[in-house]
Amino acid sequence: GHFMRWLGANGKSEILQPEPCASFPGSVSANCLVPVATGPFHAVALVQNGDVYAWGWQSCGRLGLQPNGPGMHEKKLIGSPSKVAASWASIEAMSGAVGGGADGKPEDAKAKAENAGASKEQMKGMLESIRAGQQVQHFSTMQSLIQSEPEEAKEHMLQTKAKKLNESYLEFYQMILQLPLYEAQVHQLQSDLEAAFVGHLKHFGAVVQAPELKHPKSVAKVMTKLGPYGELIWVLQQQPCYLAQLSMCIKDQLDKAQTFYRVVNRVYYELTDSRTLHLFMALLRLMMDKEIEHARKIDEVFAPESSRVFTLFHQFALKDIHYADVVHPILDGTLRGQSTKKHKVSFLGSINEKSERGAIFELIQANFFKRIMVDQSNTSQKEDARAQHTDNMEKFRDFMTQDFCTTIASVRLHENLQKLLSHAHREITERQFGKDEDENVALEEELRTSKPLLTLFVNGILLPIFKNLSKFGGTQVLLDAESQKIATDSNVAANVACVALFLERMMQNNNFADIGHKKGSTVTEKFLSGISKHVHPALLKFVKDQGDVVDDTDTRLTVDVYTSHYDASDHVVAVSTSDLMKLSEMLKENQNKLRLTENDQVEHLCSEQIGEWTQEEIERAEEHQKMHSFLMQTRFIFQDKKIVFCRNCKCPVPPRLSAGTGGGDAKDGGEVRAVQFYQAGDPTAPARVLERLFDTLKPLKAKNFTELKEEFSQLMKQYTSQNPPDYQKTHDLSEGRDKIEDLKAVEQKPEDVLSFMAKSLIERDKHRIYLEQVGGGEAGIKAARTQYVETLRRAIFQLQAGVKFSYDLKLPEKFSSEAQSHNVNLRFMEISGKILKRQIVNPHKMPPGCSFAPTKTLTYKELESKQVIKSVNDMFITMKGKLCFTFRFTPQGGVGVSVTYVDKARKTEHNIKQLEISKPILQELKRAKNADLIALPTDDSEKDAFMICHSKALSDLLDKIARN
């Protein structure tokens, strides 16, 4: 049913007839637990979420409303339901109900069982109130909260649960370490098939040559640094802390900000990959935290003109992965008619119906005259047009306050955006921004904290959509042709533009002055502000509700690191030449602010391996722009063998990328922690000691430290005099008294201790939720493992068939017989015959383990004559005449080099060195110049290396071995 209101007692009324109350949060029948309680001059209602609303005569503060400004207490008649101040439902008031009553008497077993569910909900509500800024004022209240904490959120239970989960996840971890062994057969088969393919090309007359790449000098110089750049891009992707901090370093530098946006969008381009998506969301959350922390007032948070969060959120929200949940519900023109629970109406469908009925929305009268083509010289026509404008603006008001609000309220944003809004709202609430003098004093606090969220939604989503109907209104975003036809209708587009202008001015603190003061205008500033007073709170409530979800990004990051290792597909990031150069320069410039560890990876890569770029070199690169693709090592456990949880971003990362070992991470040589553990800090800290005492003692009455110490002394006497004495409790109380003295010595106040305990409650509850979600994530990892095993089995079967066919290229009998019956000479049959004639060994009868990988053995003298080797280490120089080098391509795409000492006179051979040229090094060799040298092993300096080779000659030799 609809909520109606009227006031008519003692001549104090302004509302004589019952009318709908649009400001009440929903209908009474849907939302109220107690429909309405009325008095002679006021009424109150309790809604399902626990909020209390009151309206009527406000004298003596009887309604308990929030005193929002200087004139609030003077305002006697409150016509619309307004939320009762939270202080009337304080933590102190609620804690008695959760803790079993003010008298502290424990509940019996039956009552405890019956009230368990209700207590959990009340505890959840109190924690939300603490997050929202309510302060716990008394020790007794905090004691009640601590004792009412669910058992599964207690510290010892968190550790027990984490250990159990850690055992399960360690099984996944150990399995992942074995995956390279399982994949070795696949790599071998791939290598054999590739070798056979390259070898058979000569039979088809094909010549395999690397493309001739000519680059300007500046680009060619970057090409020599692609190895370190690839590592840098991977580090930035896996550890969001770097880019988050960089965003703060460049906040006032527009050119660098544009580079930053391009790099971020390239690094996290593959948003369809779960780990990439959640790493990006972790980055955006970190950026949100930093911008909220540095903002001086709430209106500065996510300000479009200066916020990097705003720009990235806007770009992210309008990515194609979100079209179905963001764009379609707003611009699907087929969603029209009467809105019901089962049938949602879109904004475009609704405004199209108004347009079809002749509605013309224009805030500015002159623009309205142009749309209806008024003859400005005809006075009668102008007067008639003014009346039409007034009538259409009444329609506009009705549309905005009813249809617009209804259609937007029916939208449910994608869960990715909801989680980000949830995180932002929580951080803003905890920040507790004070009010400015020019702020809207009538705005409720819970809606006020949603203002930055509204900026993200309206300025970051709605306005870009409304201003780009040609892009977002049709087939380009997978909408149908009918929607595109509606969106391109000139009258509909003009009406949408009017809505966009109104929203834009509304978001500029109701900046309607220039519209309302236009000469001859029939639209006043007051008229538009009146519409805003309805639309603005409705949109604030919408974004607040959108953020009312559980942000499980931390959980997903934990699960993703395991599932990603069951994904053997390539994940590539492509970045332009100039952006690579600008990125490394920005990182070097701010390295003191970005450094995470003593041996920081980013600092090492940028300063020691990449080096500096001049502005001239960057400008030349911009003139000859190239895109460079980098393969991301998403399966980093194979290489690093260990993970830790970064204390800043909460992401599982290799130890060398962690900003710290928070969350129970393993240090080198220590126990591997496969999930995050709860870290409470120093157990001997005064507040921790008191917290443990609060959990075990009977209800306390003390109001300050002095009284608390005295109360502990009295309890010590009780415990020592009872039979038998409780010496452990006496010892704990004695320690508590000492800690109180420690707190007083450093001038700590009771409210500081209570604040610490409140934060501990919140952190434990947050970790409880994390562990529950991580437990649920096991099923996803098992599913990924099952799919991986099946994919591996299928790949081995298909590769074995391919390798078998590559032995002789013999076509199946059906192909051959069909070709002969039609007198067709297939090229494959001809080449197959040549291969069979040249075969010395029947490959089908080769024993297991044999390979067709390209292999070649050359002496030192042969390599020296081909100018491949420049020198060997001084230790081996006397035996170089008897050294043989066997080059063999490995299944991983690299080349193994076996160095053997051969004494023909004695008929002996000794393997003296095994070298490895990895696949990335081979790719770098292809870009080498004639004068370039390479040291083998590649991780040694030229002084310590076994041998020095000419890079280009070595690359040419390996190419020749692969082809032959």
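A salt bridge here is a side-chain nitrogen of Lys or Arg within 4 Å of a carboxyl oxygen of Asp or Glu. This is a predicted model, in which local features need pLDDT of at least 70 and side-chain atom pairs count only at pLDDT 80 or more, while totals for chains, interfaces and linings use all residues. Residues are numbered from 1 along each chain as its sequence is written, and side-chain values use heavy atoms, with hydrogens and water left out.

The structure holds 41 salt bridges. Select Asp391 and Lys395 to begin: their closest N and O atoms lie 3.8 Å apart, and both residues belong to helix H15 (residues 379-409), four residues apart, about one turn of the helix. Helices (H or I, at least four residues) are DSSP runs, numbered from the N terminus. Asp391, at 39% relative accessible area, is partly exposed, as a value between the cut-offs for buried (under 20%) and exposed (over 50%), with a 1.4 Å probe and protein chains only, is termed. Lys395 is partly exposed at 34%.

Next, select Glu415 and Lys419, whose side chains form a salt bridge at 4.0 Å, N to O. They are four residues apart in helix H16 (residues 415-431), about one helical turn. Here Lys419 is buried at 5% relative accessibility, whereas Glu415 is partly exposed at 42%.

Finally, move to helix H30 (residues 686-696), where Arg688 and Glu691 lie three residues apart and form a salt bridge at 4.0 Å, N to O. Both Glu691 and Arg688 are buried.

Note on methods
Helix = DSSP H or I, 4+ residues; strand = E, 2+ residues; numbered from the N terminus.
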